[in-house]
Amino acid sequence: MNRICKLFDIEKPIIQAGMIWCSPWQLASAVSNKGGLGIIGSGSMYPEVLEEHVVKCKQATDKPFAVNIPLLYPNIEEHVNTIIKHKVPVVFTSAGSPKKLTPILKDAGIKVVHVVSSTVFAQKSEAAGVDAVVAEGFEAGGHNGRDETTTMCLIPNVVKAVDIPVIAAGGIGSGRGMLAAMALGADAVQVGSRFAASVESSAHENFKNKIVESREGDTILTLKELAPVRLIKNSFYESVKNAYARCANVDELKEILGRARAKKGMFEGDLEEGELEIGQVSSQINEVKSAGEIFDDFVKEYHEARTELLSESANF
Ligand code: NDP
């Protein structure tokens, strides 16, 4: 049996990424109800908001689901208390060290997965006691690693270096991409951008439409001095680019970023002044669909591509 399906007690090794401003209970429960693992993104939620989403998710599905805790955000202790109180079975941590939180969550009987962007961090996460890692490549949207290691290079390295299951992320927007990741040795895939442009995503309609319109080359990884982030190029990005051109220091970059840029772009729909975090795979997204349709497309295309690869014409 697939190691990730066994670990999470799910049917299909497809995980919907926890994304700030995009991953409410509606999306997480829809993916879990299809037999994958849905994740509520707590990074953009105040404690009472997360509790409401966890309660509603439990009402909407009797299948396992998870909460993502980006460790660079505030209120982590309160989020953890909510997760333990409501017996959420799985937590995905990201953007920080999993050392402190992993034993606390595991003592409460919760499965812990940490998101990494390098082989060294994968090994450190395994040593910290996590149950699995998400290895996320350069293509991914939102916060990302500094080294620019692509999914194609990262997955085989991580698979070789750790014994725990590896979930591939970054640039996976179709069943074909999923098959490629599995061929590289991953046990499962984590899909973000494709689900950000779903009916159930809490992103603003303007942002969903922008994802659909965006083409190859429209996103860039920037702000490495603060926390590297992949976003769609717009007026806000132009200010950042101009700041780099005049060799602005970290404080100036922080001032340009200001507060709540991500909310302005992804949740309030300001396509020019807001921050629009999305992966390179947005160039493959041509339509906003329901999470269920997206999930079915993945499974169908995965099996079609697999059959194609096993056919006579693929022999050489
Ligand atoms: P900000 O730190 O700029 O602002 C906080 C945002 O999160 C607000 O929109 C706020 O909503 C919302 N929010 C949700 N839950 C909470 C909570 N529990 N406490 C406080 N605010 C909450 O958010 P970002 O997402 O842009 O950045 C997050 C972190 O990442 C910050 O530490 C930031 O410095 C760092 N960072 C981010 C970068 C980026 O590109 N976004 C780049 C570099 C660093 P409301 O407005 O309703 O209060």
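Which strand holds the place of Thr-93? Thr-93 sits in strand S4 (residues 90-94), a strand being a DSSP run of E with at least two residues and a helix a run of H or I with at least four, both numbered from the N terminus. This is a predicted model, where local features need pLDDT of at least 70, side-chain atom pairs count only at pLDDT 80 or more, and totals for chains, interfaces and linings use all residues. Residues are numbered from 1 along each chain as its sequence is written, and side-chain values use heavy atoms, leaving out hydrogens and water.

Thr-93 counts as buried because its relative accessibility is 1% (buried is under 20% relative accessible area, exposed over 50%, partly exposed in between, with a 1.4 Å probe and protein chains only). Between the C-alpha atoms of Thr-93 and Glu-213 there are 31 Å in space, and 120 residues in sequence.

| Residue | In contact with, among others |
|---|---|
| Thr-93 | Asn-68, Ile-69, Leu-71, Pro-98 and His-114 |
| Phe-195 | Gln-16, Met-19, Leu-27, Val-31 and Phe-295 |

Now to the nonpolar cores, sets of buried Ala, Val, Leu, Ile, Met, Phe, Trp, Tyr and Cys residues joined through side-chain atoms within 4.5 Å. The largest has 68 residues, and Ile-40, Ile-69, Phe-195 and Phe-207 touch the most other members. Helix H14 (residues 291-310) gives this core its largest share, 7 residues. Another core, of 18 residues, lies apart from it and includes Leu-7, Phe-8, Val-90 and Val-115.

Terms used. Contact means heavy atoms within 4.5 Å. Lists of a residue's contacts leave out its neighbours within four places in sequence.
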